[in-house]
Amino acid sequence: RKEVEQDPGPFNVPEGATVAFNCTYSNSASQSFFWYRQDCRKEPKLLMSVYSSGNEDGRFTAQLNRASQYISLLIRDSKLSDSATYLCVVNIYYGGSQGNLIFGKGTKLSVKP
Amino acid sequence: GAGVSQSPSNKVTEKGKDVELRCDPISGHTALYWYRQSLGQGLEFLIYFQGNSAPDKSGLPSDRFSAERTGGSVSTLTIQRTQQEDSAVYLCASSLDRGVNTEAFFGQGTRLTVV
């Protein structure tokens with residue numbers, strides 16, 4: 001089983017739609033979680049961190065379910081500019097200051113007019 | 001600089017040649033990661049440096065790949081005897097590693113083409 005798994009998509013949605021992505025992780029030592037966004041031929045950029053209680057940033061909501069080992073990203077009122085690949089990222093924490101960031105393969109979103 | 005800086009931004013090399021890719025992390029960041037991304041694919045972990053600890057080299061695909069980090073700052077990824085399958089974008093990231101909630105910031109990458 002891969003450490004971090006995502007549905008590769010593509011998700012093709014109309015403007016204004018609500019879309020949700022899920023991501024599962026296999027390592028129970030995972031301590032922190034992030035969603036990154038990657039535009040075509042660009043480097044990944046942090047979209048938001050995911051905290052235990054879940055968190056919201058404008059149209060974006062991230063949730064964490066530790067018991068089931070998955071995180072989700074909800075995008076409301078989709079914009080054309082949301083079209084990108086969304087990467088799920090898990091920090092495997094080994095203790096002290098040791099950790100590693102494991103990236104999922106990404107979910108591609110295409111928002112159509 | 002304010003962000004992670006990588007050089008060169010593009011590199012075309014002949015099969016069999018050695019290449020060196022450079023990463024200059026954000027000042028004060030103790031963690032440094034190298035990933036590579038082939039066209040249309042996800043990020044493949046290569047190597048991770050954390051402070052003065054021994055690096056995690058578990059992602060290096062072969063002994064032709066090596067990396068070092070001098071003085072806990074600049075890192076160089078070296079690929080010896082390059083092969084066509086080494087063609088990819090090589091991405092470097094750094095983070096202020098406090099063990100948890102470590103947000104990584106990426107450079108713009110080096111696009112390597114082996115001909």
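Guide: Buried area is the accessible area, taken with a 1.4 Å probe, that two parts lose on being put together, summed over both. Please keep in mind that this is a predicted model. With that definition in hand, chain B and chain A bury about 2,000 Å² between them, and 50% of this area lies on carbon and sulfur atoms. The contact draws on 23 residues from chain B and 22 residues from chain A.

If we now look at the side of chain B that touches chain A, the elements that give two or more residues to it are strand S4 (31–37) and strand S5 (44–50) of chain B. The residues on this side of chain B divide into ten nonpolar, nine polar and four charged. Between the two chains there are four residue pairs in polar contact, counted where both residues have pLDDT 80 or more, while the number of salt bridges found across the interface of chain B and chain A is zero.

Salt bridges do occur elsewhere, for the structure holds seven of them over all chains. Side chains of opposite charge can pair when their charged atoms come close. In chain A, one of these bridges joins the side chains of Arg76(A) and Glu56(A), at 3.5 Å from N to O. This pair links distant parts of the chain, since Arg76(A) sits in the loop between strand S8 (70–75) and strand S9 (84–95) of chain A, whereas Glu56(A) belongs to strand S6 (residues 55–57) of chain A, 20 residues apart. Arg76(A) is partly exposed, with a relative accessible area of 26%, and Glu56(A) counts as exposed, at 57%.

Arg64(B) lies in the loop between S5 and strand S6 (65–69) of chain B, and Asp86(B) in the loop between strand S7 (75–79) and strand S8 (88–95) of chain B, so the pair ties together parts that are 22 residues apart in sequence. Because buried means under 20% relative accessible area, Arg64(B), at 12%, counts as buried, and so does Asp86(B), at 1%.

Another salt bridge in chain B is formed by Arg22(B) with Asp24(B), with 3.9 Å between the closest N and O atoms. Here Arg22(B) is partly exposed, at 40% relative accessible area, and Asp24(B) is partly exposed as well, at 28%.

Conventions. Residues are numbered from 1 along each chain as its sequence is written. Chains are lettered from A and ligands numbered from 1 in the order in which they are written. This is a predicted model: local features need pLDDT of at least 70, side-chain atom pairs count only at pLDDT 80 or more; totals for chains, interfaces and linings use all residues. Side-chain values use heavy atoms; hydrogens and water are left out. Contact means heavy atoms within 4.5 Å. A salt bridge is a side-chain nitrogen of Lys or Arg within 4 Å of a carboxyl oxygen of Asp or Glu. A polar contact is a pair of N or O atoms within 3.5 Å; within protein, one must be able to donate a hydrogen and the other to accept it, and residues adjacent in sequence count only if both atoms are side-chain atoms. Helices (H or I, at least four residues) and strands (E, at least two) are DSSP runs, numbered from the N terminus. Ala, Val, Leu, Ile, Met, Phe, Trp, Tyr, Cys and Pro count as nonpolar, Asp, Glu, Lys and Arg as charged, and the others, Gly among them, as polar. Buried means under 20% relative accessible area, exposed over 50%, partly exposed in between (1.4 Å probe, protein chains only).
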